[in-house]
2 protein chains.
Amino acid sequence: MSRLADWTTRKMGKFTLRFQPYTLEMNHVFTVASFSRTSTPVILTELEYEGVVGYGEASMPPYLGESQQSVTKFLNKIDLSTFSSPFDTEELLHYVDSVEEKNTAAKACIDIALHDLLGKLMAQPFHKIWGLNARVIPPTSFTIGIDTEEIIHKKVLEAEQFKILKVKLGLDTDKMIINTIRSVTNVPLCADVNQGWKNKEQALEMAHWLAERNVVFIEQPMPKEQIDDMAWLTERSPIPTIADEGCQRYSDIIGLKHVYTGINIKLMKCTGMREAKKMAELARALDMKVMLGCMTETSCAITAAAQLAPIVDWADLDGALLINNDVYDGMKILDGECHLPDRPGIGIHHLFTNT
Amino acid sequence: MSRLADWTTRKMGKFTLRFQPYTLEMNHVFTVASFSRTSTPVILTELEYEGVVGYGEASMPPYLGESQQSVTKFLNKIDLSTFSSPFDTEELLHYVDSVEEKNTAAKACIDIALHDLLGKLMAQPFHKIWGLNARVIPPTSFTIGIDTEEIIHKKVLEAEQFKILKVKLGLDTDKMIINTIRSVTNVPLCADVNQGWKNKEQALEMAHWLAERNVVFIEQPMPKEQIDDMAWLTERSPIPTIADEGCQRYSDIIGLKHVYTGINIKLMKCTGMREAKKMAELARALDMKVMLGCMTETSCAITAAAQLAPIVDWADLDGALLINNDVYDGMKILDGECHLPDRPGIGIHHLFTNT
């Protein structure tokens, strides 16, 4: 509890919003194609209505443009006093979305708290409110960052419980990384290139090389601006391509139909659970694949995202495993399988205050 | 109460399904482009789980191919005993949909009862569970059937509370009907042609003629098979075209994007509330207009459909006003505006048993 800062409290009509900064400490230095880091700043939120409290979280990996400062600024602009009920969810979140452009993580920390609150008011876990069966969630992947052969070898051995691994690629070490992993395990892999490949012919060659090594899809192989190259690659790739940086929100999806095979939905990119659910359904309607991803997050945002996991093709929900100072008890990962709590709302408990 | 038949009761595991035939008596002979009738057969259902009962209904206008016999046969095939909870909504309704092809009204009477049950278990009206604001429902249209000049004149005078009227067209009396109505009122009209126009050039000419007389859209102007003609008409029409017979279910929508401007969603066509909600959202994502329609129905199916009304462009929910032997107290229409009950589930009460 001593690690938590004081809450900033904003009373607005029937709602009270509380928030505080928190810094997630990562177990390992984490390297992807564009940067390395050892911590992730987040904002924790609570939204209270008639004595019931919902928990939320915004996670701000530095390269995405949001920060504790920007989220705090955003939350100080929000005024919910004109809303009389959290059940006016559509209008309330439409208002939150309209306050500023972007700020998607800031918006998500309200959306998540609101969903947790709503679920508690209805006394049901949110996946049940959505009518989804928590027993059919795909196993989560566990992420292996870009690293030396020795450390990758060690990390893969440590990750033996996982039925699928996600590998960060995009530098000149790609083949070394895959070969190193394949010297240890034959589990299916997902490759996340984080826009690292710039040439479509080389990307296609790598797609074939990876497919032969049981890589099941490639996430964001090329820069998101290279739409035509991506469409060219997707048409020819032996394995699905998934948009991550290339697909932020609901309104992006229709334009991506022939550019990628599927999309990676993350609450911090898309403003939260309500939009994420709509994105999954729209992608399905367009015959696109759906992956559910995360940032480095506490079990709050992870468990919130996991409510949607029963209707996705691939789950990548290891964000809370990468840190050593989680704040909540929520979704459990056992033998690589996701186990959602059967508790109202998003179903998390605060680890320090036991609520 | 004496008018109601005995319930057929089927116990299946933790669920009990009850159903009975009922015949809706219509206030007026009802004529559209293809037929006339004075009554509508329905099946009323109850779905019970742990002592909580949800109400449902199937309405079977004879020209759509279902009947009390076919619905009864379908309901006798359903076995819910493998489902332990109504919260496994997605899987349960997927099962119901898989039992037989078509039978959409039969499927809807289970879907509606299930949603009513779920809402009661969560102690919230279903529009609130969906996060929708019941105070922003569009005014409902009221339907004027094809009739003589004298009777149309009389019906329009009787319908003075309505802020929008729906007119059945498609025979050679179209201009007479519109002129008769316009001699009484200037309220906006929706034209429902029920596939009555066969020639695209004449249809376009009529679209212009109607637009000049404040007709706001044309529903199913041409036969649903004439896809190319419809696309031609939609591209040129000064007012939106709406698919009714041409759009039954969710999977139809994507193919209709450039064929019609929008779709008419009816629970009896699309298997119920869950699919209807997805259809509305998908149509929106495709920049299509959404109309919410109904058959002749009791306040059960009408109030169920109305849960979705906050997110549609046009509501046509007059089905229970056309009958003189409603069984439920539900959505109220006052001065043409829809007022949803603020009660759990779909929010209806049985008029005879007072439950």
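## Exercises on a predicted two-chain model

A:Asp192 is buried, because 29 other C-beta atoms lie within 10 Å of its own; a residue counts as buried if 20 or more other C-beta atoms lie within 10 Å, as exposed if 12 or fewer do, and as partly exposed in between, with C-beta atoms placed from the backbone. The model is predicted, and local features need pLDDT of at least 70, side-chain atom pairs count only at pLDDT 80 or more, while totals for chains, interfaces and linings use all residues. Residues are numbered from 1 along each chain as its sequence is written, and chains are lettered from A and ligands numbered from 1 in the order in which they are written.

**Exercise 1. Find the residues that UniProt lists for "binding site", and explain why they gather at one spot.**

Step 1. The unreviewed UniProt entry lists A:Asp192, A:Glu219 and A:Asp244 under "binding site"; positions follow the numbering used here, feature names are shortened, and annotations may be inferred rather than shown by experiment.

Step 2. Although these residues span 53 residues in sequence, no two of their C-alpha atoms are more than 9.0 Å apart, so they gather at one spot.

Step 3. A:Asp192 belongs to strand 7 (residues 189-192) of chain A, and A:Glu219 to strand 8 (residues 215-219) of chain A, where strands (E, at least two residues) and helices (H or I, at least four) are DSSP runs numbered from the N terminus.

Step 4. A:Glu219 is buried, with 29 other C-beta atoms within 10 Å. Leaving aside residues up to four places away in sequence, A:Glu219 touches residues including A:Asp192 and A:Asp244, where contact requires C-beta atoms, placed from the backbone, within 7 Å.

**Exercise 2. Describe the two domains of chain A and the contact between them.**

Step 1. The assignment gives domain 1 (8-123) and domain 2 (128-350) of chain A, with bounds that come from an automatic or database domain assignment.

Step 2. Their C-alpha centres lie 23 Å apart, and the contact takes 36 residues from domain 1 of chain A and 37 residues from domain 2 of chain A.

Step 3. On the domain 1 side, helix 3 of chain A gives the most, with 12 residues.

Step 4. By class, that side of domain 1 of chain A has 18 nonpolar, 11 polar and 7 charged residues; Ala, Val, Leu, Ile, Met, Phe, Trp, Tyr, Cys and Pro count as nonpolar, Asp, Glu, Lys and Arg as charged, and the others, Gly among them, as polar.

**Exercise 3. Describe the side of chain A that touches chain B.**

Step 1. Here 17 residues of chain A are in contact with 17 residues of chain B.

Step 2. The largest share of the chain A side, 4 residues, comes from helix 10 of chain A.

Step 3. The residues of this side divide into 7 nonpolar, 4 polar and 6 charged.

Step 4. The predictor gives the complex an ipTM of 0.94 and a pTM of 0.95.

**Exercise 4. Work out which residues of helix 5 of chain B are buried, and where they lie around the helix.**

Step 1. In helix 5 (residues 149-158) of chain B, the residues B:Ile152, B:Lys155 and B:Val156 are buried.

Step 2. Seen down the axis of helix 5 of chain B, the buried residues fall within an arc of 100 degrees, so they line one face of the helix; the arc is that of the directions from the helix axis to the C-beta atoms.

Step 3. The buried residues of helix 5 of chain B pack against strand 5 (142-144), strand 6 (165-168) and helix 6 (174-182) of chain B, whereas the face turned away carries the exposed residues B:Glu150 and B:Leu157.
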